[in-house]
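Colleague: Hi! I'm new to this one, could you walk me through it?
Modeller: Happy to, let's have a look together.

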Amino acid sequence: MNRIVKLKPKKEKAVLNKHPWVFSGAVAKANAKDGDIVEVVDADNRFLAYGFYSSESQIVCRLFEWDKSKDKFDEAYWSGKIERALQLRKSIIDFSSTNAYRLLHAEGDFLPGLIADVYKDTLVLQISITGIEQRKELFFDIFKKLGYSSIYLRSSGSSKKNLDVKSEGVWIAGEDKGPFEVLENGLKFLIDVVEGQKTGFFLDQRDNRELVKRFSSNKIVLNAFSYTGGFSVYAQAGGAEEVHSLDISSDAVKGAQDNVLLNFPTASHKSIAKDCFEFLKEMPENYYDLIILDPPAFAKSAAAVDRAARGYKDINMRAFRKIKKGGMLFTYSCSQHITKDLFQKIIFGAAADSGRNVRILFQLHQPADHPVNLYHPEGEYLKGLALWVE
């Protein structure tokens, strides 16, 4: 292979440890074009790994193979990766009660730049690097052979500093059928893969929603930043006395109402379209037994971490001050740049300022169909805490 990325002296350790990102500062020279599969070598020209090259990204190369003998990157090679990902999902998900899940989790499945989510018989793809974009037809063919008759390529609106591809949403197979029903742990949800956030639903909170269900019996529950009410439905399923879904988007809270009533036609549920920061500031004290704080990513870049930390502290401090004695707070961050340790320190600061005694009951994270590559800790983007507030 004559497409080479050569590293500077003493810059090979991360690659030897199978970290899948090569940053621009580690590169001595590159003989490649954007999207090329390159051979990464050390300063002495010794083979290290294969990856996708991108000159315009801070991450110059995203690695996917460390075995020098596996140098034939044809349909069989990529099919093998996808088949192994599918077999993993078959081993961890009960498809009789859940037909919405993540099939491919980029670096978590050793296939950087590609996300694939399944919603019943529809596959939703997100492509974020040029290397995958240039081979997309090959991947489309693989998915069609796996039996997916409806395939939607979701647009990517991420920063070009981090990702290479900005694509428009398009149906690769099948056609837009509008919102349709899927199952998650036996509960029903209406999904819109074209207009909805992420790929249509927040699949990464499946296990955490189940935990909320476990603690919702006879509780008055506030689901803040509710989107279309995933946690709200589970709280109702757990026997909550009353559930409020709060989101700044009127469309989102209407979706929450629709999803709750789809499962529980007589549920005591209220949709509140209001800025969550303002509501948390004004909400009555000692009213809610259980509060869920699942905001969007406050820190989409490293530069935004300080501002994001203030935002996380503010909403959690307000919840601590207002929640009933003996209440539970489920709080999350999906910001990759907010580490698990930093998030816990932020919550510590919010609790200390509130003057309440707080205990951690559960450390929360993304589900098993969003696996974290052990060599890529950055893949553990979702972190949360289930807290008991005295």
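**A first tour of the chain**

Modeller: Let me start with contacts, meaning heavy atoms within 4.5 Å. Among contacts in the chain with a separation of 6 or more, 63% are between residues 24 or more positions apart.

Colleague: And what kind of model is this?
Modeller: It is a predicted model, where local features need pLDDT of at least 70 and side-chain atom pairs count only at pLDDT 80 or more, while totals for chains, interfaces and linings use all residues. Residues are numbered from 1 along each chain as its sequence is written, and side-chain values use heavy atoms, with hydrogens and water left out.

Colleague: Thanks! How many helices and strands does the chain have?
Modeller: The chain has 10 helices and 20 strands. Both are DSSP runs numbered from the N terminus: helices are H or I with at least four residues, strands are E with at least two.

Colleague: What share of the residues counts as buried?
Modeller: Of the 390 residues, 54% do. Buried means under 20% relative accessible area, exposed over 50%, and partly exposed in between, with a 1.4 Å probe and protein chains only.

Colleague: Let's switch to sheets. What is the strand order in the six-stranded one?
Modeller: That open sheet runs E2-E6-E5-E4-E1-E3, with mixed pairing. Its edge strands are E2 (21–23) and E3 (27–31), each pairing on one side only. Two strands pair if DSSP finds at least two bridges between them.

Colleague: How do strands of a sheet pair, in general?
Modeller: They pair through backbone hydrogen bonds, either parallel or antiparallel.

Colleague: And how do E5 and E6 run here?
Modeller: E5 (residues 47–53) and E6 (residues 59–65) run antiparallel, joined by four bridges. Tyr-53 stands opposite Cys-61 in E6.

Colleague: Which strands does helix H2 lie across?
Modeller: Helix H2 (residues 75–92) lies across E4 (37–41), E5 and E6, at about 80° to E6. Axes are lines fitted to C-alpha atoms, for helices over the stretch in contact, and angles run from 0 to 180 degrees between N-to-C directions.

Colleague: Where does Thr-98 lie?
Modeller: Thr-98 is in the loop between H2 and strand E7 (100–105). Thr-98 counts as buried because its relative accessible area is 3%.

Colleague: Which backbone nitrogen does its side chain reach?
Modeller: The side chain of Thr-98 reaches that of Asn-185, at 2.9 Å. Leaving aside neighbours within four places in sequence, Thr-98 is also in contact with residues including Ile-93, Leu-183 and Arg-206.

Colleague: And Pro-112, is that buried or exposed?
Modeller: Pro-112 is buried, with a relative accessible area of 1%. Its place is the loop between E7 and strand E8 (114–119). Not counting residues up to four places away in sequence, Pro-112 touches Phe-52, Arg-62 and Ile-129, among others. Pro-112 and Pro-20 are 92 residues apart in sequence and 8.2 Å apart in space, C-alpha to C-alpha.

Colleague: Last one: which residues does Gly-196 touch?
Modeller: Not counting residues up to four places away in sequence, Gly-196 touches Arg-154 and Tyr-227. Gly-196 sits in the loop between strand E13 (187–191) and helix H5 (206–214), and counts as buried at 9% relative accessibility.

Notes:
Polar contact = N/O pair within 3.5 Å; in protein donor to acceptor, adjacent residues only side chain to side chain.
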